[in-house]
Structure formats: C-alpha cells, structure tokens
Amino acid sequence: MTFREAPGQFLDWLDTRSEVGFSNFLFIDQHFGSHPVLRRIFSLARQQGYRSLLLEKLDESSCGLLLEENEALSIRRPAFTGSEAIRLSFWRCAPWQPAEAESFIGYAICKTDSFSDSKPGRFVYEAVLTTARRKEQNNFVHCARIYDVQTQVGRQSVRGVLYAQQNDLTSVCAHVALRTALACLVPDADVTYAAMNRAIGVDHRSRRVGGGVGLSPPDLKAIIAQQGIACHELIHEPGHGLTLGTEFQRDLYGIIESGWPALVGFELGTPGSGQPSARHIVPIFGHSLNDDAWTPDAQRHYFGSQRSCFSSENWLSSYLLHDDNFGPYYCLPRHFLGRDQFRIMLGLKPHVTALNAHDAEAVGLEYMRWITQQIPATGCDWYDRFSIFSQAGLLVLRTLLVGRESYIEHLNQVASWNGTQIEGERIGRLRGMLPERFWMVEASAPELFAASRRKFGEILVCASSGLPQPLNLDLMIAVRLPGILLLRDSARVSSFQTRLDWHTPILVRDPA
Amino acid sequence: MEIPFAFFQSRSILISRIFRSHSFSPAVTYATDQLTQSLQELTASRVQAAWVPPSAIPEGIPAESFQPSAEIERYLAERREHAAKAENVNVGIY
C-alpha cells in the first residue's frame with residue numbers, strides 16, 4: 001500500500017491562516033528541523049490560499065511501501081533503527097469544515113530515519129501539489145497526473161506532477177528524477193525505488209548507491225526501458241570529443257511540447273577549473289511562454305543568426321522542473337543551462353519514434369520550401385502569405401507528436417474567423433491514410449503565433465520510418481494549408497482544394 | 001541651444017554602422033526586406049481591377065521533383081554522425 005492509500009493515524013488539523021498568527025517558518029523550525037524543502041512546499045500551499053494543515057502518522061503495518069523502504073535501508077545502513085513518516089495535507093478550508101473537492105491542494109510525506117551511529121536523516125519522500133500557475137498565466141504542464149489520497153477526512157484527488165527527494169542511501173538524484181518523469185507516463189503514475197534498483201542490480205550489498213555513488217546513463221536507460229518507455233537521448237561531452245552542434249533546448253522542447261517529461265543532466269561547478277566535477281540531474285515537465293519575447297527577432301537581426309525559420313521554442317520563457325535539492329515547481333530560464341554545463345538529455349516517450357522532433361521539424365521545413373517552389377501562389381490570400389513567409393525564411397514552426405484521432409478531432413474543430421470549417425469529405429479522405437501517430441509540424445508567422453496562437457496550417461511527417469539518404473518525400477504524409485490539402489501517394493503528391501482558406505488555431509493539449 | 005541637424009544625421013549613421021558592421025545580419029535584412037516587398041505586392045495585386053487568380057492548382061506533383069537542399073543534407077549528416085558517436089560515450093554519474 002502506498003503512502004497515499006495508507007490509513008493514517010490522526011495527529012492534528014491546524015488552522016494555518018496568517019491572521020491567526022500561524023507561521024510556516026516557526027512550525028517547520030519547531031517540528032521538522034527547519035527543513036528547506038518543506039519551507040518551499042508550505043510556501044506553495046500558502047500561495048494557493050491554504051487555511052489548514054492535516055497531520056497524520058503512517059505506520060509500517062499499514063503501509064507496505066514504508067516497510068519496503070525501511071527493509072532496504074536496514075540492509076544499506078545496519079545502524080538504521082527505525083523511521084517516522086508523517087503525511088501532511090494542505091487544505092483551503094478551515095479545520096473541521098466539510099472538505100470539498102476544490103479544497104484539497106495536495107500532500108507531502110516527510111520521512112525521518114534514525115540511526116544508532118549518526119544524526120537522523122529527514123527528507124520529503126514524495127509530494128504532489130496542484131500547480132499554482134496555469135495556462136492563463138502562460139504556464140503549460142502537459143503531463144500532470146491525478147493522484148487519489150485517502151485521508152482521515154475523506155478521499156481527495158490532486159492533479160500535479162509527483163515530486164521526490166533522495167535520501168542518498170537507497171536513492172540518489174537520478175532515482176528521484178526518474179521517479180518524477182516515469183510517474184508522468186506509467187499506468188500507476190508512480191514507480192518504486194525498489195523496482196528501479198532491481199532493474200540495475202542495486203541490492204545495497206554488492207552494489208550500493210549514495211554517498212557520492214550514483215547512476216550511470218546506461219543505468220538510467222535500463223530503468224526507463226524496464227518500464228516499457230522509449231527514450232530520446234542527447235549527449236554533449238566535450239571532454240570526450242562529443243560536441244553537440246545544436247542547442248539541446250530544441251530537442252528538449254520537442255519532448256515537452258509533445259506532452260512528455262525529460263531528464264536533463266548537467267555538470268556542477270566551474271568547467272575547466274581542474275577540479276573533479278560532480279553532476280546532477282533534474283526532471284523537466286512543462287514550460288512557460290512569453291508572447292512578447294524580443295529574442296526571436298533580436299537573435300536573427302542583431303546576433304548574426306542565419307536561421308531559415310523560427311522555432312516556436314524561441315517564445316519559451318522558462319522550463320518547469322522539480323529539483324530534489326530545493327523542492328517542486330521551479331522555473332528554469334531558457335538557456336540558463338548552456339553548453340558549459342549541459343551533458344545529457346533523456347526525453348521519455350510512451351511511443352517509439354524513428355525520428356525525433358527536431359529532425360522532423362527540419363524535414364518539415366524542407367518539404368514546405370519544396371511546396372512553395374511547386375505552388376508559389378494560389379490566389380488565396382492566406383496561402384500566398386504562407387508562401388511569402390516560407391520563401392523569406394520567416395515561418396514559425398511548432399512540432400509535436402500527435403495521434404490520428406487527436407488530429408482528426410483537431411480538424412473537426414478548427415475554423416477560420418468567419419466560421420468556415422474544412423469539409424467532412426476532405427477529413428474522411430485524410431483519415432483513411434493517416435498512421436496511428438505522426439509528427440505534426442505547424443507553420444505560422446511570428447505575429448500570428450505569438451499573439452493569437454494561430455497558424456497557416458501543418459505538415460504531417462512520418463514518425464515510424466528512419467531518414468532516407470538522401471532525403472526524399474517518403475516521410476511526407478499530408479499537408480494542410482489555407483485553401484489546399486496535399487496528400488502523398490506512391491508516386492506523387494495530389495492536391496485538393498478546401499473551403500477553409502484562413503489561418504486556424506494551433507493544436508492545444510489539455511494543460512494542468 | 002539648437003542642436004544642428006547634422007548631429008542627428010551623424011548619430012543615425014553611426015548607429016546604423018554599429019548594427020551593420022558588428023552584428024546586423026545582411027541575410028536577415030534581405031529576408032525582411034523581401035518579405036515586406038512581397039506582402040506589398042500581394043496586397044497591391046488584389047486591388048487591381050484586372051487581377052485574376054493564378055491558374056488552377058496542379059492536381060498532382062511528381063514526387064521525384066523533390067530535391068533536398070545541401071543545407072538539409074549537411075544538417076542531417078551532422079545529426080547522424082553525432083548520434084553514432086554518442087552510442088560509444090557513456091560517461092558521468094548522476
């Protein structure tokens with residue numbers, strides 16, 4: 001039984017309103033050893049208007065996961081004498097008031113391990129809180145999950161991304177980063193450290209972790225594979241003659257925008273200082289956008305970039321992540337981690353793709369150039385504008401993996417500003433030739449994308465076939481642009497006129 | 001005190017030179033100018049009384065007419081090379 005499901009022993013339900021004098025700092029100082037991550041979690045709860053705190057004690061006899069963790073710990077550290085696990089849950093209602101569904105903000109498990117030969121170790125075993133900022137604040141978390149929590153005052157649900165902190169004995173930063181990322185994708189929305197350690201032979205006797213011993217990239221990939229998840233790996237190891245020619249953020253964005261999480265590993269300290277450098281890895285699961293970003297234009301005009309399109313990633317402001325050292329839901333400004341620090345990205349994918357998002361985007365751009373060479377103008381204003389932006393190298397591209405039904409639903413919904421929709425017959429024709437999943441490269445103009453989240457159209461690129469050498473049209477599935485639909489068949493690309501001859505909304509996933 | 005027009009003119013030229021000599025990308029300037037000109041031509045063409053839409057969209061385009069650019073081939077080759085090298089680099093502990 002998990003920490004969420006285990007029946008807790010009631011300790012207290014405190015009124016935490018600031019007007020009654022409750023101080024998060026004082027409470028954590030007095031009861032949880034001034035724990036910094038708890039301060040972060042309590043402040044997130046305060047930010048969301050929490051008015052009460054329910055405290056429950058969990059027991060090994062009713063929480064199988066706690067028992068499993070303690071058994072592993074007693075092997076790893078024979079001086080281990082026992083642990084105390086407290087479930088803290090945060091509410092918008094006052095104590096003893098009926099707890100409505102919207103009252104529940106989330107929960108945290110604080111575990112304190114005692115040892116006969118050293119001070120106790122305290123850490124946040126897990127926490128799930130709702131995100132304080134949502135799409136209205138330009139924050140997008142596409143892979144949050146719903147967690148049910150059984151408390152003394154009833155069963156509650158919280159939608160969020162699971163946070164976890166290492167104990168540096170049976171789990172290290174790679175374990176907790178993997179736990180967060182895998183929890184976004186696996187059916188049970190969580191993975192135990194015992195399962196991870198079994199997958200890579202960590203038995204706490206012949207192979208141990210903690211105290212400076214962590215997991216290697218093959219360990220990380222083995223754990224991901226064991227959960228049936230595919231992985232897009234990107235490595236930058238200049239010290240080993242492997243230098244990435246592009247910014248890792250473009251690949252990272254392709255993963256995040258497709259609704260999946262990624263792990264980003266980096267080197268600590270000052271590279272080149274001669275000191276042996278440690279490494280850290282964090283899970284990234286969302287992003288924020290800035291509609292008024294100056295950088296896309298400035299990069300091209302002032303700093304000599306010869307790019308032939310804009311990636312929509314240019315408008316990204318920050319990536320959203322957990323850092324087990326500091327707590328949940330931090331923002332990592334785009335390009336804060338540069339080539340000096342970045343070493344590895346593992347993008348988790350629930351489906352195997354032969355092509356990654358970055359390459360699909362490059363192929364999509366190449367196909368668009370060819371289309372505008374073949375059909376430079378149609379007389380439709382918005383197609384002709386698309387053609388002009390394409391020929392000038394000023395298209396904005398946004399690439400994400402979509403499923404057939406999700407795309408068809410999108411087509412059934414999109415409309416021009418005068419309400420015109422694409423003909424059902426055209427959608428039916430398209431549906432018949434779509435694979436289960438494919439890359440969709442949306443094409444827009446800077447002002448159209450940033451201000452109104454609309455696009456000229458999209459090109460569908462095959463995700464299951466590798467890149468032909470040299471590149472040919474084999475990866476093209478279909479193209480939809482204002483007033484025209486292009487379908488690839490064996491020897492040619494057939495064109496069909498459509499009445500939808502305006503720009504249309506981009507595909508929006510359901511963000512938390 | 002009246003500031004002579006020549007002052008502004010010289011400042012303007014100076015700023016322009018700084019941008020162009022140090023960082024302003026001629027290719028992007030050209031692309032932006034091309035975009036503006038093309039959009040103006042598009043708009044102008046629509047208000048001409050004699051304007052008629054282009055001839056019918058071709059029903060089919062032969063697939064073999066596609067020729068990849070040197071840029072995409074170079075880019076994809078670099079990505080392939082990097083991925084192949086990366087398979088043999090498994091360093092770092094996290």
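Start by selecting Val493(A) and Ile61(B): Val493(A) stands opposite Ile61(B), which lies in strand S1 of chain B. This is a predicted model, in which local features need pLDDT of at least 70 and side-chain atom pairs count only at pLDDT 80 or more, while totals for chains, interfaces and linings use all residues. Residues are numbered from 1 along each chain as its sequence is written, chains are lettered from A in the order in which they are written, and side-chain values use heavy atoms, with hydrogens and water left out.

**The strand pair**

Three bridges join them, and they run antiparallel. Strands pair here if DSSP finds at least two bridges between them. Helices (H or I, at least four residues) and strands (E, at least two) are DSSP runs, numbered from the N terminus.

**The whole interface**

Now show both chains. On chain B, 44 residues are in contact with 73 residues of chain A; contact means heavy atoms within 4.5 Å. The two chains bury about 4900 Å² between them, 63% of it on carbon and sulfur atoms. Buried area is the accessible area (1.4 Å probe) lost when two parts are put together, summed over both. Select Ile61(B), Phe66(B) and Tyr94(B) next. They supply 19% of the area that chain B buries against chain A, more than any other three residues.

**A salt bridge**

Go to Asp359(A) and Arg79(B). They form a salt bridge, with the closest N and O atoms 2.8 Å apart. The term means a side-chain nitrogen of Lys or Arg within 4 Å of a carboxyl oxygen of Asp or Glu. Across this interface the rule finds two salt bridges.

Colour chain B by element. H2(B) gives the most, with 10 residues.

**Inside chain A**

Select His410(A), in helix H11 (residues 404-413). His410(A) counts as buried because its relative accessibility is 7%; the cut-off is under 20% relative accessible area (1.4 Å probe, protein chains only), with exposed over 50% and partly exposed in between. Beyond its neighbours within four places in sequence, His410(A) is in contact with residues including Glu442(A) and Lys455(A).

End at Ser171(A), in the loop between strand S8 (154-160) and helix H4 (173-183) of chain A. Ser171(A) is buried, at a relative accessible area of 1%. Leaving aside neighbours within four places in sequence, Ser171(A) is in contact with Gln165(A), Gln166(A), Tyr193(A) and Val209(A).
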